[in-house]
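Student: I'd like to know what stands behind the words we use when we describe a model. Could we take the terms one at a time and test each against its definition?

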Amino acid sequence: MSLNLKLHSGFLSLALPYYSCYSTPRTRHLRSRNQTVPAIRCAKRTGKQRYPSEKKKLKQKHKQVLNDVNNKFEGFWRLSKLAVPVHKDPGKDFIGVSHALLDEITKVLQFPVASMLPAEAFTVVRKSFDARKVLKEPKFVYTVDMDVSKLLDLEPRTWDFISRLEAKVGSVEHMLHKRASGDLINIIHDCKKVSDDTLLRKEISSGSEGLYKYPRTRKPKVAVVGSGPSGLFASLVLAELGADVTLIERGQAVEKRGRDIGALVVRRMLEMESNFCFGEVMNTLVHFGAPANILVDGKSHLGTDRLIPLLRNFRQHLQRLGVTIKFGTRVDDLLIENARIVGVKVSDSKDNSQSDIQKLGFDAVILAVGHSARDIYEMLVSHNINLVPKDFAVGLRMEHPQELINSIQYSELATEVQKGRGKVPVADYKVAKYVSGEDGDALSGVVTTNRSCYSFCMCPGGQIVLTSTNPSELCINGMSFSRRSSRWANAALVVTVSAKDFDALDLHGPLAGVKFQREFEQRAAIMGGGSFVVPAQKVTDFLENKLSASPLPPSSYRLGVKAASLHELFPTHLTDALKHSISMFDEELPGFISDTGLLHGVETRTSCPLQIPRNNETCESTSLKGLYPVGEGAGYAGGIVSAAADGMYAGFAVAKDFGLFPADIESILGKAQAAGFAKY
């Protein structure tokens, strides 16, 4: 449950910067010549490794950038890769224009005196921290927008220097208009004005008949099932465009859910329908109360502690728009007539007997459940709705003392972290390796395949939390509060699995991936001994196939850990792949393998194990008219922001289907990225 704001699709309306990692150190240790090394392939090609087609595309882009500059004195210039040494920068929390940053801007403009440049003419749009060991010293790296008109008004002597400024792809780019970062609500309002004018012209020219599926006097009734990021954004779009929206959430409101989670931690009472997986967890907009620095930080982070007021604001806005929100309500079945959905059956989520089922009629149902709503998947299968198993990843969660990660990444600069209150960010890491089946699986001789092994949902200054939705199953995740001041750093270390792995355990059918997850969650629960105690093992012992002696290193997991043989949890071929990747990660992060590193089991819900096929344009299910599967639980997102973006697109698609939004969606939001499985 990472709360880093990771943007996997390019939606400017979200106003959230793309996730960029602090860099990892260069390799320091080499293997001996006679040691077996799995084949490694780089997932991203750069420089001479680029294919000719990629080089040609880059060259064309460069040429286009140069040709697009018609008037250098209009609009804005975006200056990127402005590096300020850490000792000259005010620090990670400062997002203004410092004198040191003006020094770097003068180098680009070739302007003689930095103090003569007016800071008001420049806006920081991105700030990240680069601590790679290949650098002479760590730097804060900025992207800045320069308002040409304002600059010339405040300092006319810059005219000559702007006239000599040349565009360069990726570092100096001209824009006639600033890349707007308005919130979704304002964008929808602007769209409505354009749409109303368009519809009026169409009605005058051809009459209103045929423009709408339903008369204007009748709003289409849409149910949105699930109030995660995709459900919230779909609800927002549809409500703003005039639909009659009912948001159905099996969990409680965020305030009440906090108490349910507290009961889990203190009394080990798992609330089956209100826990870490079911609820209003989302990455929201500054409009609803998120701090403004998420728009600038190269690696934006919100923090679990900031979610409650933020989500409350979001919910209240939906209610002011007329959205009906049903908390504590579980969808038990779909109402179908003539191969089209006409409503849903619901009941109190705490009533497992389903004695008080209600039938609610709707014109459309947006299915925005999370990837843990396994009962929903079973219900869909009962209606012969097509579900397709897909690859995902499983593994273990590794935890280290945060001070160790700070030291590995920052060396002497580690003292500047100061538990999230210092000048530099709390250190994290992102590692990935590609293991060839010829090496990784040959040791076991089972399920020979190529696998990606990578870190997932890294939580610096965070803690490990329980994400189980059933007392007999045990799965975990990580989280961080806004300050990231915890003693620990944790990340999942996972390996990809596919249909071959499901078949090896005799698991078949559309829910094979779900069964695969459940198998290892149940094994982990048995290893832990019950009461949500997590099985754990020192990483050094995991590599040597031996049980860790007590006491184990301290853990952030509050329900307790128990020494267990995690090397026996997964099939041998998966364990071997994890071992290989951990050994290779230690080459990039010397000290990663240490007696203080503690592995926890099990991490299985990295992404949805299936996909619900839908039409690429309308987002409507290919199996059932009126059903719109969206977000992570439908297999179309891989994180909080990508789920929100998918919900946003689906909201516009449904609105267009019902005549509430006649414009072209891509002209407003850009082209949606096709869903796919990302290796890391």
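Tutor: Gladly! A residue is buried when its relative accessible area is under 20%, exposed when it is over 50%, and partly exposed in between (1.4 Å probe, protein chains only). Helices (H or I, at least four residues) and strands (E, at least two) are DSSP runs, numbered from the N terminus. This is a predicted model, in which local features need pLDDT of at least 70 and side-chain atom pairs count only at pLDDT 80 or more, while totals for chains, interfaces and linings use all residues. Residues are numbered from 1 along each chain as its sequence is written, and side-chain values use heavy atoms, with hydrogens and water left out.

Student: Which residues of helix H9 are buried, then?

Tutor: In H9 (residues 374-382), they are Arg-374, Ile-376, Tyr-377, Met-379 and Leu-380. The buried residues of H9 pack against strands S8 (329-337), S11 (364-367), S21 (610-611) and S22 (627-629), and against helix H13 (512-528). Contact here means heavy atoms within 4.5 Å. Just after H9, Asn-384 has a positive phi of about 60 degrees.

Student: Why is Asn-406 called buried?

Tutor: Its relative accessibility is 6%, so Asn-406 counts as buried. Asn-406 sits in helix H10 (residues 402-410). Leaving aside neighbours within four places in sequence, Asn-406 touches Ser-411, Ala-414, Val-417, Val-426 and Ala-427.

Student: How is Pro-662 classed, and why?

Tutor: Its relative accessible area is 28%, so Pro-662 is partly exposed. Pro-662 lies in the loop between H16 and helix H17 (665-669). Ten residues separate Pro-662 and Phe-652 in sequence, and their C-alpha atoms are 9.6 Å apart.

Student: What makes strand S17 largely enclosed?

Tutor: Ten of the ten residues of S17 (residues 488-497) are buried, so the rest of the structure largely encloses this strand. In a regular strand the side chains alternate between the two faces of the sheet. Trp-488, Asn-490, Ala-492, Val-494 and Thr-496 point one way from S17, Ala-489, Ala-491, Leu-493, Val-495 and Val-497 point the other way, and all are buried.

Student: How do you know that strand S13 pairs with S17?

Tutor: Two strands pair if DSSP finds at least two bridges between them. Ten bridges join S13 (residues 392-401) to S17, so these antiparallel strands meet the rule. Val-394 stands opposite Val-495 in S17. Strand S15 (residues 451-466) also pairs with S17 in the antiparallel sense, over six bridges, and there Phe-456 stands opposite Ala-492.

Student: What makes S2 and S4 edge strands?

Tutor: Their sheet is open and antiparallel, with four strands in the order S2-S3-S1-S4. Strands S2 (122-130) and S4 (172-175) each pair on one side only. S2 is joined to strand S3 (residues 139-147) over eight bridges, with Met-146 in S3 as the bridge partner of Phe-122. S4 is joined to S1 by four bridges, including the one between Trp-77 and His-174.

Student: Last one: how are helices H6 and H16 packed?

Tutor: Two packed helices are described by the angle between their axes and the distance between the axes. Axes are lines fitted to C-alpha atoms, for helices over the stretch in contact, and angles run from 0 to 180 degrees between N-to-C directions. H6 (residues 229-240) and H16 (residues 640-657) pack at about 35 degrees, with axes 7 Å apart. By class, their contact has twelve nonpolar, three polar and no charged residues. Ala, Val, Leu, Ile, Met, Phe, Trp, Tyr, Cys and Pro count as nonpolar, Asp, Glu, Lys and Arg as charged, and the others, Gly among them, as polar.
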